[in-house]
Amino acid sequence: MSNINKKYNVGIIGATGMVGQRFALLLENHPWFSVTALAASPRSAGKPYGELVKERWLLEAPVPEKYKDMIVLDASDVDSVAKKVDFVFCAVEMKKEEIRGLEEAYAKAEIPVISNNSAHRATEDVPMIIPEVNPEHTEIVKTQRERLGTKRGFIAVKSNCSIQSYVPALHPLMKFGIKEVTACTYQAISGAGKNFDTWPEMVDNIIPFIGGEEEKSEQEPLKIWGKIEGDRVVNAVAPVITTQCIRVPVTDGHMAAVFVKFQNKPSKQEILDIWSNCGGIDLPGAPEKFLTYFSEDSFPQTKLHRDLYGGMGISIGRLREDSLYDYKFVCISHNTLRGAAGGAVLMAELFAGKGYFD
């Protein structure tokens, strides 16, 4: 699956926002995907990309030269974008109903949509995929196409960034019958599409509320662990998950403190062995090692480990027995790479490798 015989033309819908910028960087030299369309709101349409993002570029790496003179299209002009691309990444900042309508419009125009948005995460025939965890959910696309009346067009979504650290860590342990999970996430400000220049209130501050985040963090893992039954993905009924999501003064990287209870409690060494031998996936954007456990008491740390394997690796540490649960541990993932644009690119690679864009 690691090699395909063609290169796909892709568009970035919502190219001027933080996640759109991250897509632009990730796709600059991608071996399979070539960006041929950048699209944003009507007020941005008709202007060069470099001019639009000059004063609002939020990433450390500079704007790629190859995009600076590219004229930004109106994202709502589906036909114009569709003529230039084989599929699109979607990272628009709009109301959910508007996003839902826009993504369906692209799909019905026979343009597959790989979405970073939450609008379709609860749609029963829209797959929500972490490629190393539930790649078999690509198969629901056939049913979705029947509903949409399309031959190529479909929508697939990336899950919430806050679950990208602890779901991969828990997934290989599901065979022991995970009953209960409590997760406290400490989330970077880039998760809100901001940095310290644009959000000075976050300096030396913690905000104990992120709207809608806890509900997503408790429900989305159950879809990822669900099964395809007929024309839908049916959510798993276990484990029971409760979360608390907190915004912390960190640029990038979400940390989770996780507590887990099993039906059949494994030994600590069994867990460590499973994490150590957890296989990845053979795709260009996949990390060399999916899960990395650090035995040092003070590891992993957000600043030191968020960029592990290009920001696509999951860092785990501090596994120990707990007085109320069976075990507790901490884990970290890069929220705008593994948790957003990078995870979406990896999912697109999964679909490309399976021929869904042909």
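Trainee: How many disulfides does a search of the whole structure find?

Mentor: The search finds zero disulfides, and please keep in mind from the start that this is a predicted model.

Trainee: Where is the nearest cysteine sulfur to cysteine 90, then?

Mentor: For cysteine 90, which is in no disulfide, the nearest cysteine sulfur belongs to cysteine 161 and is 16 Å away.

Trainee: Switching topic, what is the strand order in the open sheet of six strands?

Mentor: The order is E3-E2-E1-E4-E5-E6, and the pairing is parallel. Strands E3 (73–74) and E6 (155–157) stand at the edges with a single partner strand each, so one side of each has no neighbour in the sheet.

Trainee: Which helix packs on that sheet?

Mentor: Helix H5, residues 96–108, packs on the sheet and touches E1, E4, E5 and E6, and its direction makes about 150 degrees with that of E5.

Trainee: How many bridges join E1 to E4?

Mentor: Four bridges join strand E1 (residues 8–13) to strand E4 (residues 87–90), and the two run parallel. As one example, glycine 11 has valine 88 in E4 as its bridge partner.

Trainee: Now the rings: how many aromatic pairs are there?

Mentor: The count comes to 19 aromatic pairs. One of them is phenylalanine 33 with phenylalanine 89, an edge-to-face pair with 6.3 Å centre to centre and 65 degrees between the planes.

Trainee: Which strands do phenylalanine 33 and phenylalanine 89 lie in?

Mentor: Phenylalanine 33 lies in strand E2 and phenylalanine 89 in strand E4, so the pair ties together parts that are 56 residues apart in sequence. Both residues are buried, and both belong to one aromatic cluster, whose members include Tyr8, Trp32 and Phe351.

Trainee: What about tryptophan 275 and tyrosine 293, what sort of pair do they form?

Mentor: Tryptophan 275 and tyrosine 293 form a stacked pair, 5.8 Å centre to centre with 25 degrees between the planes. Tryptophan 275 is in helix H9 and tyrosine 293 in strand E12; tryptophan 275 is buried, with a relative accessible area of 1%, whereas tyrosine 293 counts as partly exposed at 26% relative accessibility.

Trainee: Last one: which ring does the charged end of lysine 265 sit over?

Mentor: The charged end of lysine 265 sits over the ring of tyrosine 327, 5.2 Å from its centre, while lysine 261 lies over the face of tyrosine 325, at 5.6 Å from the ring centre.

Note on methods: Residues numbered from 1 in each chain as written. Predicted model: local features only at pLDDT ≥ 70, side-chain atom pairs only at ≥ 80, totals over all residues. Heavy atoms only, no water. Pairing = 2+ DSSP bridges. Contact = heavy atoms within 4.5 Å. Axes fitted to C-alpha atoms, helices over the stretch in contact; angles between N-to-C directions. Disulfide = S-S within 2.5 Å. Phe/Tyr/Trp six-rings, centres within 6.5 Å; stacked < 30°, edge-to-face > 60°. Buried < 20%, exposed > 50% of the residue type's maximum accessible area, 1.4 Å probe, protein only. Lys NZ or Arg CZ within 6 Å of the ring centre and 35° of its normal.
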